[in-house]
Amino acid sequence: MRTRNLQRALVLGIETSCDETGIGIVRGTELLANVIASSMDEHARYGGVVPEIAARAHLEALTPTIEEALRVAGVRLADLDAVAVTSGPGLAGALMVGVGAAKALAVATGKPFYAVNHLVGHVGADLLNHEPLVGEGELELPTIALLVSGGHTSLLLVRDLVSDVELLGETIDDAAGEAFDKVARLLGLPYPGGPEIDRAAAAGDPTAIRFPRGLTAPKDLERHRYDFSFSGLKTAVARHVEAAVAAGEPVPVADVAASFREAVVDVLLTKALAACRDLGVPRLLLGGGVVANRRLREAAVERCADAGVALRIPPLSLCTDNGAMIASLAAQLIAAGHPPSSLGVGADSTLPVTEIQA
């Protein structure tokens, strides 16, 4: 790698952990390009992500998306200092496509190869120069990070972005995003469920139905203080809908959507703020596609203000899966003097969050 300025390494990042082909280019903490090709429409007909379709879509989208990112950034492959990629966690086949492409680019250009953790990448996105959706100034560490997406619901303690990330808790069944998709299907709403639930909930009463808050009872908190569970909530919604149908009554879609959404948001923020309080960390960072949910953002602002916790939310374009966050994390690893990953590193669908670089 050229030694011109490792604090401002020019890195291309590739993200293919699920259904979005993300290519980002950063120079240090400067965001130069963030281009995303989504295969969501192809999955919509099946009501959820189909791994084989996602992998095939990545294969088709990678080259044009890389070319577009280079065009937007105004750089050439030869200008890069490194190539980075998500090596996990995620869908195995989708990850393999990105990892293979990153290795090929690294070998063809002679650039160092960095395989990094998808979840930690979401935190790295907040370092990029941008106007945050919520928050001021630079990201301070340590911070609690709540990452909520279709495949992950994780609570992290980030003491140091490149060397010390601890998993406090995660979902033990459905991720929050999965629960939104499944409940949307129960209510006859299209995929993806998150935006549809949000729209339906706008006309509903969030207090109409008291749905359960998973793993919040005292007996559960002893073993699962920072863990999440949304399977029981999804079942409670199903039972409510079935009861209405059996009684010959119309399903109150708006009220169910609003009450379901409120239950999810309540659990997410209660657990996250408990971690802030217990660990003495008055900072919370939100990331992941579910952050697009309007009620989650509104409630986070209100409850963090009441608790004296500083809240940060990157722009929505950097909350969803994207290559810029992967490039950002790799740029920080380079700046800290971490050596490249071995070309023998493969995709790891269950890569632990403590393994920041594979």
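Is A84 buried or exposed, and what is its relative accessibility? A84 counts as buried, at 0% relative accessibility, where buried means under 20% relative accessible area, exposed means over 50% and partly exposed lies in between, with a 1.4 Å probe and protein chains only. This is a predicted model, in which local features need pLDDT of at least 70 and side-chain atom pairs count only at pLDDT 80 or more, while totals for chains, interfaces and linings use all residues. Residues are numbered from 1 along each chain as its sequence is written, and side-chain values use heavy atoms, with hydrogens and water left out.

**Figure 1. Overview of the predicted protein.** The protein has twelve helices and ten strands, taken as DSSP runs numbered from the N terminus (helices H or I of at least four residues, strands E of at least two). The radius of gyration is 20 Å, close to the 21 Å that the globule rule gives for 358 residues, so the protein is as compact as a globular protein of that length; the radius is taken over C-alpha atoms, and the rule is 2.2 Å times the number of residues to the power 0.38. The C-alpha trace spans about 70 × 45 × 35 Å along its principal axes, and 54% of the 358 residues count as buried. Of the contacts with a separation of 6 or more, 75% are between residues 24 or more positions apart, contact meaning heavy atoms within 4.5 Å.

**Figure 2. The largest nonpolar core.** A nonpolar core is a set of buried Ala, Val, Leu, Ile, Met, Phe, Trp, Tyr and Cys residues joined through side-chain atoms within 4.5 Å. The largest such core holds 51 residues, of which I144, L146, L155, F230, F260 and L284 touch the most other members. Elements that give two or more residues to this core include β6 (143-148), β7 (153-160), α8 (231-246) and β9 (283-287), and the largest share, 15 residues, comes from α9. Leaving aside residues up to four places away in sequence, I144 touches, among others, L155, L168, A272, C276, L279 and L284. Another core, of 33 residues, lies apart from the largest one and has V11, L156, A324 and I356 among its members.

Figure 3. The peptide bond from Y191 to P192 is cis, with omega near -5°, and P192 lies in the loop between α5 and α6. Within α6, the residues G193, E196, I197, D198, A200 and A201 are buried, and the buried residues of this helix pack against α5, α9 and α10.

**Figure 4. L215, a residue with positive phi.** Most residues other than glycine have a negative phi, and most peptide bonds are trans. L215 has a positive phi of about 55° although it is not a glycine, and its place is in the loop between α6 and α7 (218-224). With a relative accessibility of 11%, L215 counts as buried.

Figure 5. A84 is found in strand β4, and, not counting residues up to four places away in sequence, A84 touches V11, L12, G13, I14, Y114, I326 and A330. In the loop between β4 (82-88) and α3 (92-109) lies P89, and the peptide bond from G88 to P89 is cis, with omega near -10°.

Figure 6. I334 lies in helix α12 and is buried, with a relative accessible area of 3%. The C-alpha atoms of I334 and D81 are separated by 9.5 Å, although these residues are 253 apart along the chain. S342 is found in the segment after α12 (323-335) and is partly exposed, at 46% relative accessible area. G346 also has its place in the segment after α12, where G346 counts as partly exposed at 36% relative accessibility. Leaving out residues up to four places away in sequence, G346 touches S87 and K103, whereas G346 and L215, 131 residues apart in sequence, are 35 Å apart in space, C-alpha to C-alpha.
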